[in-house]
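Here are some notes to read with the model open beside you. Take the points one at a time and find each spot on screen as you go.

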Amino acid sequence: MMNRLDVLRILKKHITDQIVISSYSTASEWIEINDRPLNYFSHGAMGLGSSHGLGMALALPERRVVVLDGDGSLLMNLPTLVSIGRAAPKNFTHIVFRNGTYEANGGHPIPNPNTDFEAMARAAAISKACTISNTQDFENKLQWLLNDEGPLFACLDIEQGPLGPRDYKEMYRPERRKALRVAVGADPA
Amino acid sequence: MNAPVAAQDVLHGLSIIDAVKKAGVEYVLSVPDLHTSQGLLYPIAADKQLNLVRVCKEDECLGISAGLTYGNKRSLILMQYTGFLYAMNAIRAVACEYRFPAAMMIGMLGLEEGVAPKDSKKFGLKIIAPILETMEIPYELIDTDADIARIGPAIEHAYTHSHPTAFLIARRPLAS
């Protein structure tokens, strides 16, 4: 069992020009330790972060897209695994934090905290899938997760983080979405 | 002997597809819909100029469509009216509040011929236009070939001004 902040600090050391998509609790911690134009924050329709990421991966095939998802979020958009498995973008990495709770919604348990997300990803034709439960293993697998041909999937077992309320307004400002467009060359600087 | 169908009373799927492509659309995101299956989705699947992304549920389309805009790629979301209703929160959040462009082509399966959607006797159909109006989403009724000319400008406006737009496919499109 890992601490999410520890995981994110390790991830920060390896992140360069990838687009990182996050939402809710993960997003509020990621922005604290690595605020950058190449971040995208999915909000308002829980679970759609991976779908935003799929679209970006298809549109920007030369750029790695890393989605930081939650187990509750993935369950709200579980079909996304099948869609990703079929579209099979080579530049797509899906990391799911499993703490067994809807942390952003008060810490209630997900319907079945023992759900095997790695098995679900494999069943959806995402063959490069793993489960990681300690930080050393995460650090060892990071180069693979960030560079190997996708789609890749990793379920990270973490402990529950602090419960809200969190202030999401700052990360969802339209200026941030504009900054990402500039950073990827969709809009002029 | 059947009465001949007047030229103005037909809707050709290939003409719709041509209008969509001329509007710069490169991707079609879709859950199959019986209403547009033969006339649109099968021809789209066979069209080498269009990338068809098959998804499981309609709300996925809103996220994918938004993501594609970061590569300046335009997409068409093809779904049935039931899928539109299913995806309501995603449409509200991504397209209406975040103001990502989204071009939604909505199959009005079961709409009575010659009847405006609002006047349909079918509950699921008659609520679609009022919902679009409440959400301030502009829409066009596409019933015959004469309506197809409105598709391109509406997509162009949606992508130029970053807002959702919808096309209600009233008559079942022909596969030609």
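1. Let's start with a term you'll need. A crossing is left-handed if the near helix is turned anticlockwise from the far one by less than a right angle, and right-handed if clockwise. Helices here are DSSP runs (H or I, at least four residues), strands are too (E, at least two), and both are numbered from the N terminus. This is a predicted model, where local features need pLDDT of at least 70, side-chain atom pairs count only at pLDDT 80 or more, and totals for chains, interfaces and linings use all residues. Residues are numbered from 1 along each chain as its sequence is written, while chains are lettered from A and ligands numbered from 1 in the order in which they are written.

2. Now look at α3(B) and α5(B). Their crossing is left-handed, and their axes come within 8 Å at an angle of roughly 15 degrees. (Axes are lines fitted to C-alpha atoms, for helices over the stretch in contact, and angles run from 0 to 180 degrees between N-to-C directions.) The two helices α3(B) and α5(B) are therefore roughly parallel. The cut-offs: under 35 degrees is roughly parallel, over 145 roughly antiparallel, 65 to 115 roughly perpendicular, and the rest oblique.

3. Which residues of α3(B) and α5(B) make the contact? From α3(B) they are B:D59, B:L62, B:G63 and B:A66, and from α5(B) they are B:A90, B:I91, B:V94 and B:A95. (In contact means that the C-beta atoms, placed from the backbone, lie within 7 Å.) By type, this contact has 6 nonpolar residues, 1 polar and 1 charged. Ala, Val, Leu, Ile, Met, Phe, Trp, Tyr, Cys and Pro count as nonpolar, Asp, Glu, Lys and Arg as charged, and the others, Gly among them, as polar.

4. Compare the pair α1(B), residues 13–22, and α2(B), residues 34–46: their axes also come within 8 Å, and cross at roughly 55 degrees. That makes α1(B) oblique to α2(B). The crossing of these two is right-handed. B:G13, B:L14, B:I16 and B:I17 of α1(B) meet B:G39, B:L40, B:P43 and B:I44 of α2(B).

5. How do the chains meet? Chain B puts 24 residues into the contact and chain A puts in 23. On the chain B side, β2 (51–54), α3 (58–68) and α5 (88–97) each supply at least two residues. α3(B) gives the most, with 9 residues. The chain B side divides into 12 nonpolar, 6 polar and 6 charged residues. Click on B:V94 too: leaving out residues up to four places away in sequence, B:V94 touches A:A45, A:L48, B:L62, B:G63, B:A66 and B:F100.

6. Over in chain A, have a look at α2 (residues 24–33). Since 7 of its 10 residues are buried, α2(A) is largely enclosed by the rest of the structure. (Buried means 20 or more other C-beta atoms within 10 Å of the residue's own, exposed means 12 or fewer, and partly exposed is in between; C-beta atoms are placed from the backbone.) The buried ones are A:Y24, A:S25, A:T26, A:A27, A:S28, A:E29 and A:W30. They pack against α1 (4–14), β1 (19–22), β2 (39–41), β3 (65–70) and β4 (92–98) of chain A.

7. α5(A), residues 80–87, has A:T80, A:L81, A:V82, A:S83 and A:I84 buried. Their cover includes α3 (49–59), β4 and α6 (117–123) of chain A, together with α3 of chain B. Just after α5(A), A:A88 has a positive phi of about 50 degrees.

8. Is B:E136 buried or exposed? It counts as exposed, because B:E136 has 9 C-beta neighbours inside 10 Å. Its phi is near 60 degrees, a positive value in a residue other than glycine. B:S162 also has a positive phi, about 55 degrees, and sits in the loop between α8 (151–161) and β6 (164–169) of chain B. In chain A, the peptide bond from A:G150 to A:P151 is cis, with omega near 5 degrees. A:P151 is in the loop between α7 (135–147) and β8 (152–157) of chain A.

Notes: Contact = placed C-beta atoms within 7 Å.
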